[in-house]
Amino acid sequence: MPRHRTRQPRLSPVGALLAALGALLASPARASFDSPGQASFEFLADDAATYPGWEDLPPDEAFLPGWAEAYFSSDASIFGEGGAFVWMGFSLEGPGGPRSGMLLLDLDLERAPFDGLTPMPAHTLRASYLEKRGDQVLFEGVASLGEVWIVDVLFHEDDQGGVEGDFAFVFEGKGGAYPGSRAFVRGHFYTEPSPAQLRSKYGISPVEPGSDVDTYVDVGCAGAVYWDDEPDPGGGCDCEGDTSDDGSAGSDSCEGDSGSSSSVDSSSCDGGDTGSGSSSCSGCEGDAHAGVAVARRARGGPLRAVQRWLPELALLAGLAWLRRRARR
Amino acid sequence: MQPRPILLAALALPLALSASSARAQGTHFLVEPATGLTFSHGLSLEEAVGLEAGATLAVGGKWKGFPPRFYAYFRFTRSLFGDEEVYVSSRDAHGVVNRAVSFVTGGLRTVIPLFWRLRLELEFGGGAAFTENGYRESGLDIRSYDETLGVLEFGAGLNLRLFRWLSLGLLYNYTLVVEEERGDLIAHMLGEEGSGAERGWSHLSLTLGFHF
């Protein structure tokens, strides 16, 4: 599959320098997701009945619509960089007053199907549910039934990824300590920004419904964005100023850029390469020249003159002060 | 009438810059252990005052005829915030947050002689912050997680060069996260203002510098 590239606005030289300095030490242990989000679902709390199968659930009328704020974190996932721990918190009414519910999922997204139709294999997800009033635990559930379908996912080298999926769960009391069950059906979660918003931001074409495609995004090379279905899209192109474009990219372009293609091969990209066509990697020479010009101006500016003559000025001022003092 | 304060200020600055007793004494290397307090910013529910310890290694010198000295420095600092109980008003619940941060930074330090043995230190650098985050609450089992964040730091302080080989200083540093962050899991769970998306740390530390 050809590797596609899209382009984002370039960093300023100072920004690139600072980013490079930060990235130098901060590059390891990056994750894909670290993002707030939302979830919606239909919920049933039953303190008496349990449901051994999906077909045993009561009719739709028994369920109440619910909404939860969510947070997605790869750092907190037991599955690591390719996983996402999902915290969903919501309020609900129950006997004795309001309660808070927390649905906790841990998803191994690197081993998940992404067509939105095939559920994630059981070994690629963890789920638990907690219901509390204040500090009192009212229900602690383990999943007896559960399905998660990933609709769209965008992995990112630097925590800026997004994921969207559907879910359904039935929880029973942990260790028999809590009677009854809790059921979530027609659940839907997504990060904010959603994968669709990120695709639009990065200029990546939207995923077709039902297609099993995940995308890995790598922002590097002075702000250029690379994406691929393999987890190292930036590996073949480390040149500074790389700005190769694909046909669907936006109007952003670096000065002096001459490379453009609708299907770009990233197999080679040496610094300064300015070719166009299917193996292009233009070097943004205009920007490089601007950076040099700024540096030259700084070296010849007033600050340099002050630096040069400051000791002499200080000496003269000191002598003047001593002379004045001696006259008194 | 002569603008005496302005004249005095104009004289004082170059005199201060050329004060020989406050100039560095020809050493080029610095090993500077430090300890102090770290204040975490961007987390509204956590008071987050931590203890820190670390050390700076630096190498530098001065240009002939120009009083300030310049050092390239490398610093490692670890800040511990310990267990802190927080109240989550949205759920009327209590939890305990435990955070620690290690900073690995490098940059440029400028040392400007003021008067006598007193010197002004200015710093600018960048690097990484390695955070360790834990949270526990009745019934809630959240796995501790680590994050690596790119940071910039700015610092200023006063330094007293007691001997040729020894100096004592008080340094204030501000470290800010330079990469785009959407939030922090624990901060979001607790409903903290801004969800921990704009984090930073202030450091106030006592330094003991060994010059050679």
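Predicted model: local features only at pLDDT ≥ 70, side-chain atom pairs only at ≥ 80, totals over all residues.
## A walk through chains B and A

With 14 C-beta neighbours inside 10 Å, Asp92(B) counts as partly exposed, because that category sits between the 12 or fewer neighbours of an exposed residue and the 20 or more of a buried one. You'll find Asp92(B) in the loop of chain B between strand 3 (69-88) and strand 4 (93-115). Its backbone is worth a look too: phi of Asp92(B) is positive, about 55 degrees, although the residue is not a glycine.

Now follow strand 4 of chain B out to its other side. The loop between strand 4 and strand 5 (118-137) holds Trp116(B), another non-glycine residue with a positive phi, in this case near 50 degrees. Is Trp116(B) buried or exposed? Trp116(B) has 12 other C-beta atoms within 10 Å, so it is exposed.

Let's step back to chain B as a whole. Chain B has two helices and nine strands, and along the sequence they come in the pattern α-β-β-β-β-β-β-β-β-α-β. Of its 212 residues, 41% count as buried. If you take the contacts in chain B with a separation of 6 or more, 62% of them are between residues 24 or more positions apart.

Strand 1 of chain B shows some of that pairing in detail. Which strands does strand 1 (residues 29-41) of chain B pair with? One partner is strand 2 (residues 49-62) of chain B, in the antiparallel sense and over 11 bridges. Within that pairing, Ala34(B) stands opposite Gly54(B) in strand 2. Another partner is strand 9 (residues 200-211) of chain B, also antiparallel, joined to strand 1 by 10 bridges. There, Leu37(B) has Leu204(B) of strand 9 standing opposite. As you trace these strands, keep in mind that in a regular strand the side chains alternate between the two faces of the sheet.

On to chain A. Chain A has four helices and 11 strands. Of the 328 residues in chain A, 41% count as buried. Among chain A contacts with a separation of 6 or more, residues 24 or more positions apart account for 61%.

Asp75(A) and Ser32(A) are 43 residues apart along the chain, yet their C-alpha atoms are separated by 8.4 Å.

Further along chain A, look at the loop between strand 9 (181-191) and helix 2 (195-202), where Pro193(A) is found. The peptide bond leading from Glu192(A) into Pro193(A) is cis, with omega near 5 degrees.

Which residues of helix 2 are buried? They are Pro195(A), Leu198(A), Arg199(A) and Tyr202(A). Look down the axis of helix 2 and these buried residues fall within an arc of 105 degrees, so they line one face of the helix. After helix 2 comes Gly203(A), with a positive phi near 75 degrees.

Technical notes
Residues numbered from 1 in each chain as written. Chains lettered and ligands numbered in written order. Contact = placed C-beta atoms within 7 Å. Arc of directions from axis to C-beta. Pairing = 2+ DSSP bridges.
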